[in-house]
Amino acid sequence: MEQETKKTVLVVVAHADDMEFMAAGTIARFVDELNFDVYEYILTDNSKGSYRLTEQELVRVSAEEASAAGAILGLKEVRLEGYVDGDLADTPINVLRGQIMAMIREVRADIVMSWDPFAPYEEHPDHRQVAMATLEAAHFSGNPLFYPEHTQPPYQTTELYWFAKAPLNAELFVDISSTIDKKIQALLAHECQMELTVDMLAREADALGMDVPMLQSPDAQTRAQLIEMGIRSFCRDRGAATGVSYAEQFRYERVGMLEAVLGLPPRGSDFA
Ligand SMILES: [Zn+2]
C-alpha cells in the first residue's frame with residue numbers, strides 16, 4: 001500500500017492569537033513546505049482582549065483579524081466557536097471534548113496541536129480547559145462509541161504537538177528561521193491583540209516605576225517594533241537550544257502503541 005504523506009492539521013486554541021504566538025512559524029512550514037491542510041478552531045470570542053474596546057467591538061474585530069492572520073498563513077479555515085472569553089472552564093469538559101472531536105472527525109485531522117495539558121504554571125483557565133479537552137478528544141476520536149451521534153465517522157488522530165509558556169519535556173525544536181518573518185506578519189494582523197500586549201507592557205512598566213520611552217503612547221509602528229523585538233528574542237532563545245537562528249518548541253506525542261507492539265522505534269515528527 002502506498003504511504004500517504006499529505007496530512008491534515010487541526011490547531012485548537014482558546015483565543016484568536018494563541019496559535020500565532022506559540023506556533024505560527026511551524027504552521028507556515030506545514031503549509032508552505034509540506035503542503036499540509038491546516039485548520040484552526042478558536043473556542044472563545046476573545047471578548048476580554050482589550051483595555052480599550054468594548055466587548056462587542058472586540059468580538060467583531062478579533063474575528064476579522066483571526067481570519068486575516070489565517071489568510072497570511074494559508075489556513076484552509078479559521079472557525080470560531082464563540083464561548084465567552086475567560087469562562088471556558090464553565091462549560092463542561094465533555095461538551096468541549098465532543099465539539100473538538102467532531103471537528104477532528106470532520107476535517108480528518110492526522111495532527112492536532114494545542115496548549116499542553118501537562119505543562120506547569122499555566123495561569124489562564126481557558127488554556128488549561130482547551131488543553132485537557134483537546135487531549136481527550138484526540139485520543140478517542142477513532143472510537144465509534146464516543147459521541148456516536150456525530151454525523152462524521154470516527155477518525156484517529158496519530159500525532160500531537162503541544163506548546164506551552166513553561167514547556168516541560170518538550171524536546172521538539174522546529175527551526176522556523178525561514179518562516180519567522182511570516183510569523184511576525186501573522187501576529188501583527190492581530191492589531192487589537194498586539195495593542196493589548198503593548199498596553200499590558202506599559203502597565204507593567206508603570207507598576208514597576210520604570211520609564212520606557214517606547215511604551216509612552218506608542219503609535220502603530222512602535223507597537224509593531226515592540227512585538228517584533230519580543231518575538232525575535234523569544235524564538236532566538238529557543239533556537240539557541242538547537243543551534244538555529246529561530247525555533248518554536250513542542251512536546252511531541254504519538255497516539256497509540258503500534259510501534260511498541262511491533263518492537264519498532266517510534267516514528268518522529270515531520271521535523272525530527
Ligand atoms: Zn490565549
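A: In this predicted model, the largest pocket is lined by 26 residues, and those nearest its centre are Asp17, Phe21, Lys165, Thr197 and Met200. A pocket here is an open set of points on a 1 Å grid over the protein atoms alone, with protein on both sides within 12 Å along at least five of seven lines, and a lining residue has an atom within 4 Å of a point.

Q: Which elements give two or more residues to that lining?
A: Helices H1, H6 (191–207) and H7 do. H6 supplies the largest share, six residues. Helices (H or I, at least four residues) and strands (E, at least two) are DSSP runs numbered from the N terminus.

Q: How much space lies in the largest pocket, and how do its lining residues divide?
A: The largest pocket holds about 920 Å³, a volume being the space filled by probe spheres set on grid points joined across faces, edges and corners. Its lining comprises eleven nonpolar, eight polar and seven charged residues. Ala, Val, Leu, Ile, Met, Phe, Trp, Tyr, Cys and Pro count as nonpolar, Asp, Glu, Lys and Arg as charged, and the others, Gly among them, as polar.

Q: Before we go on, which conventions apply?
A: Residues are numbered from 1 along each chain as its sequence is written, and side-chain values use heavy atoms, with hydrogens and water left out. As the model is predicted, local features need pLDDT of at least 70 and side-chain atom pairs count only at pLDDT 80 or more, while totals for chains, interfaces and linings use all residues.

Q: How many cavities of 30 Å³ or more does a search find?
A: One, over the whole structure; a cavity is a set of grid points where a 1.4 Å probe fits but cannot get out. The largest cavity contains about 70 Å³ of space. Its lining includes Phe21, Met22, Cys235, Arg238 and Glu248, and H1 (18–32), H7 (220–240) and strand S7 each supply at least two residues. Eight of the lining residues are nonpolar, one is polar and three are charged.

Q: Is Cys235 buried or exposed?
A: Cys235 is buried, with a relative accessible area of 1%. Buried means under 20% relative accessible area, exposed over 50%, and partly exposed in between (1.4 Å probe, protein chains only). Cys192 is likewise counted as buried, at 5%.

Q: Where is Ser47, and how far is its C-alpha from that of His15?
A: Ser47 sits in the loop between S2 and H2. Its C-alpha atom is 9.4 Å from that of His15, 32 residues apart along the chain. Ser47 is buried, with a relative accessible area of 6%.

Q: What about Asn46 in that loop?
A: Asn46, between S2 and H2 (55–73), has a positive phi of about 60 degrees although it is not a glycine. At 2% relative accessibility, Asn46 counts as buried. Asn35 also has a positive phi of about 60 degrees; Asn35 lies in the loop between H1 and S2 and is partly exposed, at 49%.

Q: How is S2 placed?
A: S2 (37–44) is mostly covered, with eight of its eight residues buried. Six bridges join S2 to S1 (residues 8–13), and the two run parallel; strands pair if DSSP finds at least two bridges between them. Tyr41 in S2 is the bridge partner of Val12.

Q: Which residues of S6 form its covered face?
A: In S6 (residues 172–175), Leu172 and Val174 form the covered face, whereas Phe173 and Asp175 form the uncovered one. In a regular strand the side chains alternate between the two faces of the sheet. S6 runs antiparallel to S7 (residues 247–254), with four bridges between them, and Leu172 has Phe250 as its bridge partner.
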